[in-house]
Amino acid sequence: MSYCWSKKGTQPQVVCKQRNRERQTVFGSYNYGTGQITVSFADRGNSYSFKKHLKKVLRTYKTAPKIIMVLDNVAYHHAKRINAWLEKNPKLELFFLPPYSPDLNAVERAWWYMRKKITHNRFIKTLKDRKIAFWKMFSHFLKPNSELKKVCEINY
């Protein structure tokens, strides 16, 4: 949810012309210890694109003895192809959150922060322009940092 100012009694209008459906899947893996995020874009979210992201995570943390990823329950996270690949890559372990609990997933807070800073109450004409804005913001989160760590910490 986002807020903006408007004259009392009038509904603010945001022009959002979109000729065709532009969509990209963004995979993000957040490091709780450092605040670093690993990001991958794909045209479609499926077991192939997810496996590609997992390989990127392994390359990013190649010196780590063990990687535990906290995930939601989207169907392709449980695909047979992923399970077979994980058997060959025991360094990587998947931990699944309970269904319908996005508030427990730290990377969801990163996406909320991104939307708040880039898209809320703003009109960005093309997907290409949105991706440029995304990388301008997220490029410094690809390395350990305290800003994203503060955004993603869960305090109950």
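Student: Where is the place of Phe50?
Tutor: The model here is predicted. Five helices and four strands make up the protein. Phe50 has its place in one of the helices, helix H1.

Student: Is Phe50 buried or exposed?
Tutor: Buried means under 20% relative accessible area. Phe50 has a relative accessible area of 2%, so this residue counts as buried.

Student: Which residues is Phe50 in contact with, leaving aside its neighbours within four places in sequence?
Tutor: Phe50 belongs to helix H1. Its C-alpha atom is separated by 9.8 Å from that of Val26, 24 residues apart along the chain. The contacts of Phe50 are Phe27, Leu71, Tyr76, His77, Ile82 and Leu94.

Student: In which sense do strand S3 and strand S4 pair?
Tutor: Strand S3 covers residues 67–71, and strand S4 covers residues 92–96. Ile67 stands opposite Leu92 in S4. Five bridges join the two strands, and their sense is parallel.

Student: What unit do S3, helix H2 and S4 make?
Tutor: Helix H2 spans residues 80–88. S3 and S4 are the parallel pair. Together with H2 they make a right-handed β-α-β unit.

Student: How many salt bridges does the structure hold, and which residue forms a salt bridge with Glu93?
Tutor: The structure holds one salt bridge. Its closest N and O atoms are 3.3 Å apart. A salt bridge needs such atoms within 4 Å, so this pair qualifies. The partner of Glu93 is Lys66.

Student: How many residues apart are Lys66 and Glu93?
Tutor: Lys66 lies in the loop between helix H1 and S3. Glu93 lies in strand S4. The pair links distant parts of the chain, and the separation is 27 residues.

Student: Are Lys66 and Glu93 buried or partly exposed?
Tutor: Lys66 has 41% relative accessibility. Glu93 has 38%. Therefore Lys66 and Glu93 both count as partly exposed.

Student: Which residues is Phe138 in contact with, leaving aside its neighbours within four places in sequence?
Tutor: The contacts of Phe138 are Ile37, Val39, Ala110, Trp111 and Met114.

Student: Which side chain makes a polar contact with the side chain of Ser29?
Tutor: Ser29 sits in strand S1, residues 25–30. Its relative accessible area is 10%, so Ser29 is buried. Residues that Ser29 touches include Gln36, Val57 and Met69. The polar contact is 2.7 Å, and the side chain is that of His53.

Student: Which residue has its backbone oxygen 3.2 Å from a polar atom of the side chain of Asn145?
Tutor: Asn145 is in the loop between H4 and H5. At 13% relative accessibility, Asn145 counts as buried. Among its contacts are Thr34, Gln36 and His140. The backbone oxygen 3.2 Å away belongs to Gly35.

Student: What percentage of the residues of the protein count as buried?
Tutor: Phe50, Ser29 and Asn145 are buried examples. The protein has 156 residues. The buried part comes to 33%.

Technical notes
Residues numbered from 1 in each chain as written. Predicted model: local features only at pLDDT ≥ 70, side-chain atom pairs only at ≥ 80, totals over all residues. Heavy atoms only, no water. Buried < 20%, exposed > 50% of the residue type's maximum accessible area, 1.4 Å probe, protein only. Polar contact = N/O pair within 3.5 Å; in protein donor to acceptor, adjacent residues only side chain to side chain. Contact = heavy atoms within 4.5 Å. Pairing = 2+ DSSP bridges. Right-handed = clockwise from strand over helix to strand, strands pointing away. Salt bridge = Lys/Arg side-chain N within 4 Å of Asp/Glu carboxyl O.
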